[in-house]
Amino acid sequence: MRNYLWGFFGVFMMTALLSFSAQAEQMGQRGHGSTACKADIEKFCKDVKPGGGAIMKCLKEHDAELSAECKDRESAMKENTKTMQDACKADMEKFCQDVKPGGGAIMKCLKEHQAELSEPCKDASSQAKR
């Protein structure tokens, strides 16, 4: 069962990473604020339609060409992923063990139990959103 939950968590964290790339792309199109990958997305992925991980895939295809700022953001996201994985493991086992992965189901489960999550998981979740 634990390996199954780690698979869930992988899906959950990939959703978070995809959300980051989609938000960055949307901000780039709207001209709001600046993001670490905005210029890279405009340069390499301007014709890519967001959704289903398309922006993330595009960025990965151009990994060697990405700016230092974008690469730093990607490293920070990976670090946040590890922190959340460690902090939320017990919460996932407690609240989401019967949830079938896919379509953001694990993320939805954790959101539904937001008030009941452990403080370390809440803290890690808020850090990952930044």
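1. Basis. The model is predicted: local features need pLDDT of at least 70 and side-chain atom pairs count only at pLDDT 80 or more, while totals for chains, interfaces and linings use all residues. Residues are numbered from 1 along each chain as its sequence is written, and side-chain values use heavy atoms, with hydrogens and water left out.

2. Overall fold. The protein has six helices and zero strands (DSSP runs numbered from the N terminus; helices are H or I with at least four residues, strands E with at least two). Of its 130 residues, 34% count as buried (buried is under 20% relative accessible area, exposed over 50%, partly exposed in between, with a 1.4 Å probe and protein chains only). Among contacts with a separation of 6 or more, 62% join residues 24 or more positions apart (contact means heavy atoms within 4.5 Å).

3. Cores. The largest nonpolar core has 14 residues, and F95, C96, V99, I106, C109, L110 and L117 touch the most other members (a nonpolar core is a set of buried Ala, Val, Leu, Ile, Met, Phe, Trp, Tyr and Cys residues joined through side-chain atoms within 4.5 Å). Helices α4 (68-95), α5 (105-112) and α6 (119-128) each give two or more residues to this core; α4 gives the most, with five. A second, separate core of nine residues includes I41, C58, L59 and L66.

4. D91. This residue of helix α4 is buried without a salt bridge, and the nearest side chain of opposite charge, K94, is 6.2 Å away (Lys and Arg count as positive, Asp and Glu as negative; His and the chain ends are not counted). Leaving aside residues up to four places away in sequence, D91 touches C96, E116, L117, S118 and C121.

5. Salt bridges. The structure holds four (a side-chain nitrogen of Lys or Arg within 4 Å of a carboxyl oxygen of Asp or Glu). One of them pairs K60 with E74, the closest N and O atoms being 3.7 Å apart. K60 lies in helix α3 (residues 54-61) and E74 in helix α4, so this pair ties together parts 14 residues apart in sequence. E74 also meets K78 in a salt bridge at 3.7 Å, N to O. In helix α6, K122 and E119 are three residues apart, about one helical turn, and their side chains form a salt bridge at 3.7 Å, N to O. Shared partners join K60, E74 and K78 into one network.
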